[in-house]
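Dear colleague,

Please find below the structure that I am handing over to you. My findings follow directly after it.

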Amino acid sequence: MISDITESDTVLDELGKFFVVAGQFLDAGLPAPQMFSKAVDLAWHRLVEDPREHDAFTAKYAGRRLLHTESSGAGFIDWVDAYERAYGPLPDLWFTDAEGELDVEALGRYRATGTVWAEWDCSPAPGDGDELTPASS
């Protein structure tokens with residue numbers, strides 16, 4: 001179990017990488033990527049509690065203000081290839097729940113197939129206003 005996972009620099013690094021990919025998807029006119037990790041999503045929820053910090057964080061990584069929106073579904077997580085091209089394989093954190101428990105089966109399937117099939121209940125959406133700055137990786 002990972003303790004206080006939402007406060008670690010690692011989870012914020014992963015959230016930033018997710019926002020870089022989200023910005024790329026939105027720039028390309030693609031649907032916003034699905035947030036399937038409960039651990040990373042919990043960190044996002046905590047970041048949303050401070051709107052200024054959240055807006056600065058999303059602008060830094062996605063090049064725009066992003067909103068946290070409800071968007072539930074289940075299926076193929078289509079942004080993993082873009083993430084892997086930029087950063088390498090997804091770390092275990094992406095397969096960790098909000099309590100810090102690793103889903104060993106889901107991680108094993110990902111490592112065996114290179115794909116992720118999961119449920120999600122939110123995704124980023126463009127916020128009010130124009131793009132701010134180019135996303136950095």
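This is a predicted model: local features need pLDDT of at least 70, side-chain atom pairs count only at pLDDT 80 or more; totals for chains, interfaces and linings use all residues.

Valine 80 is buried, with a relative accessible area of 3%; buried means under 20% relative accessible area, exposed over 50%, and partly exposed in between, with a 1.4 Å probe and protein chains only. This valine belongs to helix H4. Valine 80 touches Leu90, Tyr110, Gly114 and Val116, leaving aside residues up to four places away in sequence, where contact means heavy atoms within 4.5 Å.

Residues are numbered from 1 along each chain as its sequence is written, and side-chain values use heavy atoms, with hydrogens and water left out.

Overall fold

The secondary structure of the chain comes to 5 helices and 2 strands, and the pattern along the sequence is α-α-α-β-α-α-β. Helices (H or I, at least four residues) and strands (E, at least two) are DSSP runs, numbered from the N terminus. The chain has 137 residues, of which 42% are buried. Among contacts between residues at least 6 apart in sequence, 79% join residues at least 24 apart.

Aromatic residues

The structure holds 16 aromatic pairs. Rings of Phe, Tyr and Trp (its six-membered ring) pair if their centres lie within 6.5 Å; planes under 30 degrees apart count as stacked, over 60 as edge-to-face and the rest as tilted. In one of the pairs, the rings of phenylalanine 19 and tryptophan 44 have centres 5.2 Å apart and planes at 75°, so the pair is edge-to-face. This pair links distant parts of the chain, 25 residues apart: phenylalanine 19 is in helix H1 (residues 9–27) and tryptophan 44 in helix H2 (residues 38–48). Phenylalanine 19 counts as buried, at 0% relative accessibility, and tryptophan 44 is likewise buried at 0%.

A further pair is made by phenylalanine 36 and tryptophan 94, whose ring centres are 5.5 Å apart with planes at 35°, so the pair is tilted. Phenylalanine 36 lies in the loop between H1 and H2, and tryptophan 94 in the loop between helix H4 (80–87) and helix H5 (104–113), so the pair ties together parts that are 58 residues apart in sequence. Phenylalanine 36 has a relative accessible area of 9% and is buried; tryptophan 94 is buried at 1%.

One aromatic cluster is formed by Phe18, Phe19, Phe36, Trp44, Phe57, Tyr61, Trp79, Tyr83, Tyr87, Trp94, Phe95 and Tyr110. Phenylalanine 18, a residue of helix H1, is buried with a relative accessible area of 0%. Not counting residues up to four places away in sequence, phenylalanine 18 touches Pro33, Gln34, Met35, Trp44, Trp79, Trp94 and Pro124. Its C-alpha atom and that of tryptophan 79, 61 residues apart along the chain, are separated by 8.9 Å.

Helix H3

Helix H3 (residues 51–62) has 12 residues and reaches 16 Å from its first C-alpha to its last, close to the 16 Å expected at 1.5 Å a residue; the expected span is 1.5 Å times one less than the number of residues. His54, Phe57, Thr58, Ala59, Tyr61 and Ala62 are buried in H3, and what covers the buried residues includes H1, H2 and strand E1 (66–76). Threonine 58 counts as buried at 0% relative accessibility. Beyond residues up to four places away in sequence, threonine 58 touches Phe19, Gly63, Arg64, Arg65 and Leu66.

About 320 Å³ of space lies in the largest pocket. On a 1 Å grid over the protein atoms alone, a pocket is an open set of points where a 1.4 Å probe fits, with protein on both sides within 12 Å along at least five of seven lines; lining residues have an atom within 4 Å of a point. Of the 19 lining residues, the closest to the pocket centre are Phe36, Phe95, Asp103, Ala106 and Ala118. H5 gives the most to this lining, with 4 residues.

Yours sincerely

Note on methods: Grid points are joined across faces, edges and corners, and a volume is the space filled by probe spheres set on the points.
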